[in-house]
Amino acid sequence: MAKTKISKLSQQTFTIKLGFGLYGLIVLGVIMSTIIPFAQLYSDAKVNHQGILTLILFLLLGALLPTLVAYLIGYKATRAKDNTTRRFNGVAFGVLAYWISTLLFIINPAKMIIDARIMPLSFAAIIVNMWAILVTVAILVVIAAFYVKTKHKKNTILSYQPYQAVLYAFFIIVSILLPILSQLQEFSTGSLLDALAYTGGITAIVGISYYALRKSKVTMIQRLTNSFFATSLGIIAMYGFVQIMPYFANFDNYIYQTWWIIAVLLGLATWAIYLRVAKAHPVD
């Protein structure tokens, strides 16, 4: 029994380290795709320097703050005494924040302010980013508030049904529905086929994950949640690496394609490594 608990804690510790690593990758990607390009623009004497600084600040906040705040919410909402479970829940909340904030940035109604050009771009960016941040945090706070009241102190947030439902919903909307719907609007057969191939691949990976965990001693819902979670980590790794690309591959199609291949391989490797570890003891 002691050996099982040690293995389980090791699995959680691995997930925590992986989550921290992915957040570091996101930070690096934001620096490369946001700070450096805008810093070069800042050197132009003709631009509004205050506006550029404001824009940089809120782009950084929009990209990094939801996940960071989510980690703190998950950590504080955990009633378990051991620090490992608390940090694991923080990472799990961070993964959920990634999906929620991504969707909110895509369907952000505040973008109409930018399109209408009724205020300077820097101030419009503040509103757009604050919308996504505040709504993401609000959703997570509600989940955490109810999670605190649960009786199962030893179980992680992955076994909590409201968390599962929100994870499923935002994952499916962002990764499967939106890519297809966006291409249907453009009436492009080639792009639609690409979107179908992408969403089909994501669906297949979730299915493979579920099958790989078939012998795990957890419920079907917990297997499904671990499958969505594993796939989420792979997708975050892939797009985190892609964020670094624009600084290097703006005008070179070969580098662009190679970078995407590396990003996909990195995402698959992250998914496969997590799944290999999780097969022994899926987090409940």
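**Start with the whole chain**

Among contacts in the chain between residues at least 6 apart in sequence, 71% join residues at least 24 apart. Keep in mind that you're looking at a predicted model. Switch to a cartoon view and follow the chain from the N terminus: the elements run α-α-α-α-α-α-α-α-α. That makes 9 helices and 0 strands.

Now try a surface view. The chain exposes about 15,100 Å², and carbon and sulfur atoms supply 70% of that. As for the inside, buried residues make up 44% of the 284 residues in the chain.

**Stop 1: T13**

Select T13, which sits in helix α1 (residues 2-42). Is T13 buried, partly exposed or exposed? T13 counts as partly exposed, because its relative accessibility is 26% and that class covers the range between the 20% limit for buried and the 50% limit for exposed. T13 and R87 are 74 residues apart along the chain, yet their C-alpha atoms are separated by 8.6 Å.

**Stop 2: the nonpolar patch**

Select I172, L177, L181 and L184 and show them as surface. Together these residues make a nonpolar surface patch of about 330 Å². Zoom in on I172, in helix α6 (residues 161-186). With a relative accessible area of 32%, I172 is partly exposed. A residue needs over 30% to be part of a patch, and I172 has 32%.

**Stop 3: L193**

Move along to L193, in helix α7. How does L193 count, buried or exposed? L193 counts as exposed, because its relative accessibility is 53% and the class starts over 50%.

**Stop 4: the positive patch**

Which residues form the positive surface patch? Select R214, K215, R276 and K279, and you have it. You'll find R214 in the loop between α7 (189-212) and α8 (220-242). R214 counts as partly exposed, with 38% relative accessibility.

**Before you close the viewer**

Terms used
Residues are numbered from 1 along each chain as its sequence is written. This is a predicted model: local features need pLDDT of at least 70, side-chain atom pairs count only at pLDDT 80 or more; totals for chains, interfaces and linings use all residues. Side-chain values use heavy atoms; hydrogens and water are left out. Patches are made of residues with over 30% relative accessible area and no salt bridge: like charges are joined within 9 Å, nonpolar side chains (Val, Leu, Ile, Met, Phe, Trp, Tyr) within 5 Å. Accessible areas come from the Shrake-Rupley method with a 1.4 Å probe; for residues, only the protein chains shown count as cover. A salt bridge is a side-chain nitrogen of Lys or Arg within 4 Å of a carboxyl oxygen of Asp or Glu. Lys and Arg count as positive and Asp and Glu as negative; His and the chain ends are not counted. The place of a charge is taken as NZ of Lys, CZ of Arg, CG of Asp or CD of Glu. Helices (H or I, at least four residues) and strands (E, at least two) are DSSP runs, numbered from the N terminus. Buried means under 20% relative accessible area, exposed over 50%, partly exposed in between (1.4 Å probe, protein chains only). Contact means heavy atoms within 4.5 Å.
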